[in-house]
Amino acid sequence: MNLQELPVLFQRGSVRRLTARVTAKGLVVRAPARMSSVQVETWLRQIRPKLERRLARTPFHLIHVPHEMSGGASVRLLDTLFQILCEEKPRSSVRVLADTIYLKGPSDLKRKRALERWCIRRLHEEAEPLARTFAKQLDVSFEKLLIRSYRSRLGACSSDGKLQLHWGIIFLPRVYREAIIAHEVAHIRAPHHQADFWKTVEELAPGAHGLHSDLRKIGPFLFF
Ligand SMILES: [Zn+2]
(Lines give C-alpha, C1' and ligand atoms only; values in the text may rest on other atoms or scores of the structure.)
Protein backbone atom coordinates (compact mmCIF):
# COMPACT_ATOMS: atom_id res chain seq x y z
CA MET A 1 0.00 0.00 0.00
CA ASN A 2 1.24 3.52 -0.67
CA LEU A 3 -0.01 6.98 0.18
CA GLN A 4 -1.53 7.65 -3.25
CA GLU A 5 -3.96 4.77 -2.78
CA LEU A 6 -5.22 6.07 0.54
CA PRO A 7 -8.31 8.26 0.66
CA VAL A 8 -7.60 11.55 2.48
CA LEU A 9 -10.09 12.56 5.15
CA PHE A 10 -9.65 16.19 5.95
CA GLN A 11 -11.05 17.62 9.17
CA ARG A 12 -10.89 21.20 10.35
CA GLY A 13 -11.72 22.13 13.88
CA SER A 14 -10.64 23.01 17.33
CA VAL A 15 -7.28 21.22 17.18
CA ARG A 16 -4.20 23.25 18.11
CA ARG A 17 -1.79 21.79 15.61
CA LEU A 18 -1.74 19.81 12.40
CA THR A 19 -1.84 16.04 12.70
CA ALA A 20 -1.90 13.25 10.12
CA ARG A 21 -2.67 9.64 10.96
CA VAL A 22 -2.79 6.64 8.69
CA THR A 23 -5.85 4.56 9.65
CA ALA A 24 -8.09 1.87 8.18
CA LYS A 25 -10.28 4.64 6.75
CA GLY A 26 -7.38 6.43 5.05
CA LEU A 27 -5.10 9.33 5.83
CA VAL A 28 -6.84 11.41 8.49
CA VAL A 29 -5.56 15.00 8.48
CA ARG A 30 -6.71 17.38 11.21
CA ALA A 31 -5.97 21.09 10.93
CA PRO A 32 -6.72 24.11 13.11
CA ALA A 33 -9.69 26.09 11.79
CA ARG A 34 -7.71 29.20 10.82
CA MET A 35 -4.78 27.53 9.08
CA SER A 36 -4.59 28.20 5.32
CA SER A 37 -4.77 25.32 2.84
CA VAL A 38 -1.34 26.33 1.49
CA GLN A 39 0.18 25.82 4.95
CA VAL A 40 -1.56 22.44 5.26
CA GLU A 41 -0.32 21.29 1.85
CA THR A 42 3.24 22.43 2.51
CA TRP A 43 3.27 20.52 5.77
CA LEU A 44 1.84 17.40 4.16
CA ARG A 45 4.61 17.50 1.52
CA GLN A 46 7.21 17.72 4.30
CA ILE A 47 5.92 14.78 6.32
CA ARG A 48 5.18 12.63 3.29
CA PRO A 49 8.50 10.68 3.37
CA LYS A 50 7.92 9.89 7.06
CA LEU A 51 4.40 8.61 6.38
CA GLU A 52 5.69 6.56 3.42
CA ARG A 53 8.34 4.96 5.64
CA ARG A 54 5.74 4.13 8.27
CA LEU A 55 3.49 2.49 5.67
CA ALA A 56 6.43 0.50 4.31
CA ARG A 57 7.07 -0.92 7.80
CA THR A 58 3.42 -1.86 8.43
CA PRO A 59 2.91 -5.65 8.27
CA PHE A 60 -0.17 -5.53 6.00
CA HIS A 61 0.25 -9.23 5.19
CA LEU A 62 -1.24 -9.96 8.62
CA ILE A 63 -4.72 -8.80 7.64
CA HIS A 64 -6.97 -9.06 4.64
CA VAL A 65 -9.81 -6.56 5.07
CA PRO A 66 -11.63 -4.79 2.22
CA HIS A 67 -12.05 -0.99 2.21
CA GLU A 68 -15.73 -1.52 1.44
CA MET A 69 -17.92 -4.39 2.67
CA SER A 70 -19.37 -4.70 -0.82
CA GLY A 71 -20.36 -7.78 -2.78
CA GLY A 72 -17.49 -9.87 -4.10
CA ALA A 73 -15.02 -8.50 -1.57
CA SER A 74 -13.03 -10.97 0.44
CA VAL A 75 -12.07 -10.83 4.07
CA ARG A 76 -9.99 -13.02 6.36
CA LEU A 77 -11.40 -13.53 9.80
CA LEU A 78 -10.63 -16.21 12.35
CA ASP A 79 -7.91 -17.36 9.93
CA THR A 80 -10.36 -18.21 7.15
CA LEU A 81 -10.65 -16.31 3.88
CA PHE A 82 -14.33 -15.63 3.18
CA GLN A 83 -16.00 -14.17 0.14
CA ILE A 84 -18.74 -11.67 0.93
CA LEU A 85 -21.96 -11.72 -1.05
CA CYS A 86 -24.22 -8.73 -0.35
CA GLU A 87 -27.92 -8.48 -0.97
CA GLU A 88 -30.25 -5.52 -0.51
CA LYS A 89 -32.98 -6.65 1.89
CA PRO A 90 -35.12 -4.72 4.38
CA ARG A 91 -33.80 -6.78 7.32
CA SER A 92 -30.15 -7.27 8.23
CA SER A 93 -28.78 -10.78 8.53
CA VAL A 94 -25.51 -12.70 8.29
CA ARG A 95 -25.36 -16.30 7.14
CA VAL A 96 -22.19 -18.28 6.63
CA LEU A 97 -21.98 -21.29 4.35
CA ALA A 98 -18.55 -22.87 3.85
CA ASP A 99 -16.30 -19.93 2.91
CA THR A 100 -19.04 -17.52 1.84
CA ILE A 101 -20.65 -14.87 4.01
CA TYR A 102 -24.15 -13.91 2.83
CA LEU A 103 -24.68 -10.39 4.08
CA LYS A 104 -28.16 -8.92 3.83
CA GLY A 105 -29.48 -5.52 4.86
CA PRO A 106 -31.03 -2.26 3.67
CA SER A 107 -27.74 -0.30 3.25
CA ASP A 108 -23.95 -0.66 3.23
CA LEU A 109 -23.79 0.74 6.75
CA LYS A 110 -26.49 -1.60 8.11
CA ARG A 111 -24.77 -4.59 6.49
CA LYS A 112 -21.43 -3.54 7.95
CA ARG A 113 -23.00 -3.22 11.41
CA ALA A 114 -24.60 -6.68 11.06
CA LEU A 115 -21.24 -8.20 10.17
CA GLU A 116 -19.66 -6.40 13.13
CA ARG A 117 -22.26 -7.92 15.50
CA TRP A 118 -21.61 -11.35 14.02
CA CYS A 119 -17.84 -10.89 14.48
CA ILE A 120 -18.39 -9.85 18.11
CA ARG A 121 -20.30 -13.08 18.82
CA ARG A 122 -17.78 -15.30 17.04
CA LEU A 123 -14.78 -13.65 18.67
CA HIS A 124 -16.41 -13.98 22.09
CA GLU A 125 -16.92 -17.72 21.52
CA GLU A 126 -13.19 -18.11 20.92
CA ALA A 127 -11.78 -15.57 23.36
CA GLU A 128 -13.81 -16.34 26.51
CA PRO A 129 -12.63 -19.94 27.04
CA LEU A 130 -9.07 -18.98 26.14
CA ALA A 131 -9.03 -16.10 28.62
CA ARG A 132 -10.48 -18.43 31.31
CA THR A 133 -7.72 -20.98 30.63
CA PHE A 134 -5.04 -18.29 30.87
CA ALA A 135 -6.54 -16.91 34.09
CA LYS A 136 -6.60 -20.40 35.62
CA GLN A 137 -2.94 -20.87 34.73
CA LEU A 138 -2.10 -17.71 36.69
CA ASP A 139 -4.52 -18.52 39.49
CA VAL A 140 -6.40 -15.26 38.96
CA SER A 141 -9.97 -14.61 37.84
CA PHE A 142 -12.06 -12.06 36.01
CA GLU A 143 -15.78 -11.38 36.10
CA LYS A 144 -16.51 -11.23 32.38
CA LEU A 145 -15.05 -10.69 28.97
CA LEU A 146 -16.62 -8.07 26.73
CA ILE A 147 -16.01 -7.60 23.04
CA ARG A 148 -16.50 -4.01 22.02
CA SER A 149 -15.75 -1.49 19.37
CA TYR A 150 -12.83 0.63 20.51
CA ARG A 151 -11.51 3.66 18.68
CA SER A 152 -7.84 3.31 19.50
CA ARG A 153 -7.04 0.29 21.67
CA LEU A 154 -7.04 -3.45 21.14
CA GLY A 155 -7.93 -4.45 24.67
CA ALA A 156 -8.30 -3.37 28.28
CA CYS A 157 -8.35 -4.84 31.75
CA SER A 158 -10.28 -2.84 34.34
CA SER A 159 -9.85 -3.05 38.08
CA ASP A 160 -13.51 -4.12 38.50
CA GLY A 161 -12.72 -7.49 36.91
CA LYS A 162 -13.73 -6.89 33.31
CA LEU A 163 -11.57 -7.83 30.38
CA GLN A 164 -12.35 -6.06 27.15
CA LEU A 165 -11.22 -6.72 23.60
CA HIS A 166 -11.64 -4.74 20.41
CA TRP A 167 -13.72 -6.76 17.91
CA GLY A 168 -11.33 -5.88 15.04
CA ILE A 169 -8.72 -8.33 16.37
CA ILE A 170 -10.82 -11.03 14.69
CA PHE A 171 -8.97 -10.10 11.47
CA LEU A 172 -5.56 -10.99 12.93
CA PRO A 173 -3.97 -14.44 12.81
CA ARG A 174 -4.67 -16.61 15.85
CA VAL A 175 -1.20 -16.24 17.45
CA TYR A 176 -1.75 -12.47 17.53
CA ARG A 177 -5.24 -12.83 19.04
CA GLU A 178 -3.71 -15.11 21.69
CA ALA A 179 -0.96 -12.55 22.36
CA ILE A 180 -3.57 -9.82 22.97
CA ILE A 181 -5.67 -12.04 25.25
CA ALA A 182 -2.56 -13.15 27.19
CA HIS A 183 -1.62 -9.46 27.54
CA GLU A 184 -4.98 -8.50 29.08
CA VAL A 185 -5.14 -11.53 31.38
CA ALA A 186 -1.56 -10.84 32.57
CA HIS A 187 -2.72 -7.35 33.57
CA ILE A 188 -4.98 -8.91 36.23
CA ARG A 189 -1.78 -9.89 38.01
CA ALA A 190 0.39 -6.94 36.96
CA PRO A 191 -1.26 -3.61 36.07
CA HIS A 192 1.87 -2.25 34.32
CA HIS A 193 4.27 -3.09 31.49
CA GLN A 194 7.39 -3.90 33.48
CA ALA A 195 9.65 -6.93 33.06
CA ASP A 196 7.63 -9.25 35.32
CA PHE A 197 4.47 -8.39 33.35
CA TRP A 198 6.11 -9.52 30.07
CA LYS A 199 7.42 -12.64 31.79
CA THR A 200 3.82 -13.51 32.70
CA VAL A 201 2.65 -12.85 29.12
CA GLU A 202 5.37 -15.20 27.84
CA GLU A 203 4.34 -17.89 30.31
CA LEU A 204 0.82 -17.83 28.87
CA ALA A 205 1.65 -17.45 25.20
CA PRO A 206 5.31 -18.12 24.38
CA GLY A 207 6.56 -15.68 21.74
CA ALA A 208 3.76 -13.17 22.42
CA HIS A 209 6.06 -10.38 23.56
CA GLY A 210 7.84 -10.36 20.21
CA LEU A 211 4.54 -9.99 18.33
CA HIS A 212 3.72 -6.70 20.04
CA SER A 213 5.85 -4.58 17.71
CA ASP A 214 3.75 -5.86 14.76
CA LEU A 215 0.60 -5.14 16.77
CA ARG A 216 1.64 -1.53 17.37
CA LYS A 217 2.12 -1.05 13.62
CA ILE A 218 -0.97 -2.87 12.35
CA GLY A 219 -3.23 -1.71 15.23
CA PRO A 220 -4.38 1.54 13.57
CA PHE A 221 -5.75 -0.51 10.64
CA LEU A 222 -8.11 -2.50 12.86
CA PHE A 223 -10.44 0.40 13.73
CA PHE A 224 -13.30 0.86 11.32
ZN1 LIG B 1 -1.15 -3.35 28.57
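Alanine 98 is exposed, because 7 other C-beta atoms lie within 10 Å, where exposed stands for 12 or fewer such neighbours, buried for 20 or more and partly exposed for the range in between, with C-beta atoms placed from the backbone. The model is predicted, so local features need pLDDT of at least 70 and side-chain atom pairs count only at pLDDT 80 or more, while totals for chains, interfaces and linings use all residues. Residues are numbered from 1 along each chain as its sequence is written.

Most residues other than glycine have a negative phi.

Helices (H or I, at least four residues) and strands (E, at least two) are DSSP runs numbered from the N terminus. Aspartate 139, which comes just after H2, also counts as exposed, with 7 C-beta neighbours inside 10 Å.

Helix H2 (residues 108-138) bends by about 30 degrees at histidine 124, the bend being the angle between axes fitted to the seven residues ending there and the seven starting there. Buried residues of H2 include Arg111, Trp118, Leu123 and Phe134.

The axes of helix H3 (residues 174-189) and helix H5 (residues 208-218) come within 9 Å and cross at roughly 105 degrees, and the two helices are therefore roughly perpendicular, a term for angles of 65 to 115 degrees. Axes are lines fitted to C-alpha atoms over the stretch in contact, with angles running from 0 to 180 degrees between N-to-C directions.

How values were computed: Angles under 35 degrees count as roughly parallel, over 145 as roughly antiparallel, 65 to 115 as roughly perpendicular and the rest as oblique.
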